[in-house]
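This report describes how two protein chains meet in a structural model, and then turns to two individual residues. The sequence and the structure are shown first.

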Amino acid sequence: MEGGDLLTPLHPNHAKALRLTAMVVAAPLVLGVLIGEMVTLAIGVYAASLVLLPLMGLIVWAALALPWRRYASSGYDMGTDRLRVVKGVFFRRDTIVPFGRVQHIDVHRGPIDRHYGLATLHLHTAGTHNATITLPGLAEEDALAMRETIREKIRRDSQ
Amino acid sequence: MSEALAPLDASLEPQHTHPRGLLVQALRGAAPSVVPLVAMAYGTGMFVWGMFIFVPVAAIIAASFGVAWVNWRRFTYCTGAEDIRVERGLFSRSARSVPYERIQDVSLEQKFLPRLLGLTEVRFETGAGGKDEITLSYLSHGEGERLRDLVRARKEGATVISAPDGAEGEEAESEAPPLFAMGPLRIVTFGLFQFSLVIFAVLFGAASQFDFLFPFEFWDWQSWYHLVEGQEQRIVGVGRMAQIVAIASGVALLLLLGVLTGIVVTVAREYGFRLDRTPKGFRRRRGLFNKTDVTLPAHRVQAAKIATGFLRARFGWHSLEFVSLAQDVGGSSHHAVAPFAKLDEIWPVARAAGIEPPGDALDWHLPSPVPWRDNTVLHGVFFAVLGIAAWAVTGNSWSLGAAALLIAGTALLNYFGWRRRRHASDVRQLFVAMGRFAPRLAIAPTVKFQSAEIVQGPLARKRGHATLHLGVAGDRLSIPGLPLAEARALRAAIIEQVAAVDFSRLPR
């Protein structure tokens with residue numbers, strides 16, 4: 001299971017949810033840049049207009065292309081005694097939590113997640129580093145099932 | 001409050017903290033306003049009007065007493081059969097109940113003023129990070145000891161120990177040889193290495209606070225000039241040799257003061273240092289004015305850290321700290337269990353916590369030099385471009401020399417950054433060492449790790465290396481510059497150990 005690429009992909013809706021979130025964040029920025037563009041053109045500061053144009057491109061790319069890459073670079077692997085979570089487009093984080101170190105578990109659902117039937121799993125450990133490991137983009141029923149599995153596992157071990 | 005608990009409540013007498021504690025609380029409440037008031041009166045020359053200053057001071061002290069008295073009246077605690085309960089507050093009452101099983105640690109602390117009055121502060125530490133704890137300030141020393149013994153006894157499910165028994169137990173404990181102790185000579189030696197110029201910061205701070213007390217304007221250079229004026233002829237007159245002697249003796253005085261400060265601070269903190277291995281854990285007592293008595297349960301030790309300084313390493317002095325989630329006095333998550341000791345004194349303490357020293361057969365690994373080499377190239381190119389650009393613009397060839405110097409510097413720093421790190425792992429423990437001239441070593445039993453993470457930046461991914469972070473309760477261990485395959489193998493080996501033992505089954 002350490003092989004590297006035997007990861008379970010996240011739910012496809014996660015890409016849509018990420019994109020929607022990115023758009024919500026990007027919309028006011030794009031609006032701001034557009035206004036800036038019009039103002040600089042009107043007062044004739046063309047150098048500034050030239051800078052703003054690529055900035056706009058960057059924002060649109062970040063909002064449209066980046067969520068897909070984030071989705072594609074994420075994955076998880078549910079083992080018999082551990083969970084592995086892989087994330088990150090530029091900085092790859094590959095984390096393993098043994099179930100035996102999980103203190104408690106949360107399943108969180110934000111408004112956008114709920115719209116797409118998704119949930120985020122939070123595993124809390126006693127560690128100072130990685131005190132909470134989050135796994136977003138799970139189908140709601142999968143997240144609940146994983147929580148039950150992990151909880152079962154913890155209960156069996158601590159008895 | 002649940003109804004089932006009510007009868008218990010009725011059978012128990014809620015108790016107040018010690019009345020003498022009122023004095024401490026009131027003084028503490030009044031001091032911040034009274035001291036500046038008196039100082040101001042003195043400074044502005046109104047001190048002769050003693051009666052006028054006496055009135056507000058008396059009023060503040062009285063008000064402070066009033067507040068302390070109300071708080072004292074409304075603060076009660078009682079020790080029940082299953083929990084300790086504290087009720088407090090005038091308008092909004094809060095009631096907190098902490099079951100004995102949840103109490104991890106009872107610590108007694110005697111600050112200077114309470115100690116004069118024979119009082120002690122009792123703290124019940126419950127959960128992670130010292131939050132939600134109960135503090136009883138202040139109780140008589142005997143009552144503090146009684147509470148600690150009571151909690152210990154209740155946690156074990158034994159019957160209540162009466163106070164005299166507790167005192168006897170204390171005697172017996174003191175007779176057993178300590179795990180580690182520091183005599184006066186050792187503490188003064190320790191102080192010699194704790195050179196500190198903090199006294200000047202304090203004096204400077206005091207000067208800015210109370211500048212109105214000086215007979216001249218402290219921050220106005222002209223008044224200094226006037227002080228020196230007329231002396232300058234004398235200073236010039238005594239000749240160069242005398243000037244050198246004056247400067248040298250000034251520096252010597254500075255050094256002497258620094259050393260003395262270090263000794264005083266160290267003696268005040270470490271006086272009577274004594275570490276015992278009690279059935280409940282590691283009990284540490286130290287302090288001259290603020291006497292502390294802290295017990296760290298042995299099972300809560302997550303890792304050991306051995307450190308030293310550049311100078312003290314030459315003499316073989318090291319310090320040992322235990323990493324844990326329980327907070328030490330002062331909020332640090334590391335417990336100093338042997339602050340100044342030789343290695344052969346440190347290992348028995350570490351062994352008492354189940355931490356073994358690195359064996360001779362241990363296979364130490366250096367990290368891959370690739371990330372540090374890449375860093376050198378990146379920084380080097382940056383400085384070279386900067387230097388050439390500056391040369392092209394200004395035509396000053398000094399900029400090329402400066403760039404060369406910077407490049408050499410970054411190469412050297414990166415080389416040492418690489419060479420100072422080592423790590424090793426037998427199956428049971430992970431060792432991470434840092435530093436050449438003042439080596440530090442962290443030892444963590446692998447079963448105590450909470451999570452393992454491999455992180456790669458964009459460049460690291462291209463070059464095939466990674467950083468391994470291991471989550472520890474109270475700290476983390478990081479090993480940078482591991483080849484990816486090695487990072488994966490090390491993590492797999494560690495997780496195999498970790499997953500085999502549940503958190504609740506960790507050795508206690």
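## A glutamate at the chain interface

The side chains of Glu453(B) and Thr95(A) are joined by a polar contact of 3.0 Å. The model in which this pair occurs is a predicted one. Glu453(B) belongs to strand β17 of chain B, and Thr95(A) is the residue that stands opposite Glu453(B) in β17(B). The pairing extends to the strands themselves: β3 of chain A (residues 92-98) is joined to β17(B) by five bridges, and the two run antiparallel.

Glu453(B) also reaches Arg93(A), with which it forms a salt bridge; the closest N and O atoms are 3.3 Å apart.

| Residue in chain B | Partner in chain A | Polar contact between side chains |
|---|---|---|
| Glu453(B) | Thr95(A) | 3.0 Å |
| Glu453(B) | Arg93(A) | 3.3 Å |

Is Glu453(B) buried or exposed? Its relative accessible area is 3%, so Glu453(B) counts as buried, the limit being under 20%. Apart from neighbours within four places in sequence, the residues in contact with Glu453(B) include Asp94(A), His129(A) and Asn130(A) from chain A, and Thr467(B), Leu468(B) and His469(B) from chain B.

## The interface as a whole

The contact between the chains draws 33 residues from chain B and 29 residues from chain A. About 2600 Å² is buried between chain B and chain A, and carbon and sulfur atoms give 46% of this area. Across the interface the rule finds 12 residue pairs in polar contact, both residues being at pLDDT 80 or more. Three salt bridges are also found between chain B and chain A.

On the side of chain B that touches chain A, at least two residues each come from β17 (451-456), α16 (458-463), β18 (465-472), β19 (475-483) and α17 (484-499). Of these elements, α17(B) supplies the largest share, seven residues. By class, this side of chain B comprises 16 nonpolar, eight polar and nine charged residues.

## A histidine in a loop of chain B

His18(B) is located in the loop between α1 (6-11) and α2 (20-43) of chain B. Its relative accessibility is 23%, and His18(B) is therefore classed as partly exposed. Leu139(B) lies 121 residues from His18(B) in sequence, yet their C-alpha atoms are 4.9 Å apart. Leaving out residues up to four places away in sequence, His18(B) touches Trp72(B), Leu119(B), Tyr138(B), Leu139(B) and Ser140(B).

Note on methods:
Residues numbered from 1 in each chain as written. Chains lettered and ligands numbered in written order. Predicted model: local features only at pLDDT ≥ 70, side-chain atom pairs only at ≥ 80, totals over all residues. Heavy atoms only, no water. Contact = heavy atoms within 4.5 Å. Buried area = accessible area lost by both parts, 1.4 Å probe. Salt bridge = Lys/Arg side-chain N within 4 Å of Asp/Glu carboxyl O. Polar contact = N/O pair within 3.5 Å; in protein donor to acceptor, adjacent residues only side chain to side chain. Helix = DSSP H or I, 4+ residues; strand = E, 2+ residues; numbered from the N terminus. Nonpolar A, V, L, I, M, F, W, Y, C, P; charged D, E, K, R; others polar. Pairing = 2+ DSSP bridges. Buried < 20%, exposed > 50% of the residue type's maximum accessible area, 1.4 Å probe, protein only.
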